[in-house]
Amino acid sequence: MRIDIITIFPDYFDGPFSHSIIKRAQENKLVEIFIQDLRPHSTNKQKSVDDYQFGGGSGMVMNIQPIDNCISKLKSERNYDEIIYLTPDSPTLTQNTCNSLSSSKNLILLCGHYKGIDQRVRDHLITKEISIGDYVLTGGELAAAVLTDTIVRLIPGVLSDETSALSDSFQDNLLSHPIYTRPSEYKGWKVPEVLLSGNSKLIDKWREEKSIELTKNIRPDLLK
Ligand code: 6GU
């Protein structure tokens, strides 16, 4: 898979993809992540990428020209499965969306900024819009990093234990059961007896019951 992230803050991504599983996925050529700096695509002298809103109102709006230029160049080089704009005023990301995006070959992620983006970008250049939750971030970069992480970990071969993505919270609309490791007792706090029993049938039953109980208490909306 190839992911191109279009941003006005290319340095932002020095951190998120340089560690642990996502770093190894790139080293193993399971994914290539390219950070595309938007500003050089601006054709004006100041290399500006935003302007005032028609009709008045506070906040700057990202121009269509540099974005169109950047997306057009990328599209001339390969076909993209989706061109995604990260913005809070759009459908919320779910594990289902992550699952289906994880079989893409090429993706573009566009990070929004300022007040927003010229609507014509959304109408004519973008194929999918995603929010990562009902709260507002200062920009789309963090959301793009979140989306990239959720997708990359689902690419076959990225997680060492193939089953571990399948047992994630949300894959079956249930939260994960509690997990423990040694010691079996710490400061008098004990690990549930059943997990030490060696009886895998009982353990599976306990885990399923705990998953359902936790989901009922914490995320009843998932059970509907
Ligand atoms: Cl995708 N962008 C911003 N700026 N804020 C968000 C978001 C995206 N998703 C949730 N909040």
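How many nonpolar, polar and charged residues does the lining of the largest pocket have? Point 2 takes this up.

1. This is a predicted model, in which local features need pLDDT of at least 70 and side-chain atom pairs count only at pLDDT 80 or more, while totals for chains, interfaces and linings use all residues. Residues are numbered from 1 along each chain as its sequence is written, and side-chain values use heavy atoms, with hydrogens and water left out.

2. By class, eleven nonpolar, nine polar and three charged residues line the largest pocket. Here Ala, Val, Leu, Ile, Met, Phe, Trp, Tyr, Cys and Pro count as nonpolar, Asp, Glu, Lys and Arg as charged, and the others, Gly among them, as polar.

3. The volume of the largest pocket is about 350 Å³, a volume being the space filled by probe spheres set on grid points joined across faces, edges and corners. A pocket is an open set of points on a 1 Å grid over the protein atoms alone, where a 1.4 Å probe fits, with protein on both sides within 12 Å along at least five of seven lines; lining residues have an atom within 4 Å of a point. Of the 23 lining residues, Tyr85, Leu86, Thr87, Pro88 and Leu137 lie nearest the centre of the largest pocket. Strand E5 (82–86), strand E7 (116–117) and helix H5 (140–152) each give two or more residues to this lining.

4. The protein chain has six helices and ten strands, taken as DSSP runs numbered from the N terminus (helices H or I, at least four residues; strands E, at least two). The radius of gyration is 22 Å, well over the 17 Å that the globule rule gives for 224 residues, so the protein chain is more spread out than a compact globule. That radius is taken over C-alpha atoms, and the rule is 2.2 Å times the number of residues to the power 0.38.

5. Four of the five residues of E5 are buried, so E5 is largely enclosed by the rest of the structure. Buried means under 20% relative accessible area (1.4 Å probe, protein chains only).

6. E5 pairs with strand E6 (residues 106–111) in the parallel sense over five bridges; two strands pair if DSSP finds at least two bridges between them. Ile83 stands opposite Ile108 in E6. E5 also runs parallel to strand E8 (residues 128–130), joined by three bridges, and Tyr85 has Glu129 in E8 as its bridge partner.

7. Elsewhere, E3-E4-E7 is the order of an open sheet of three strands with mixed pairing. In that sheet, Met62 stands opposite Ile117 in E7.

How values were computed: Buried means under 20% relative accessible area, exposed over 50%, partly exposed in between (1.4 Å probe, protein chains only).
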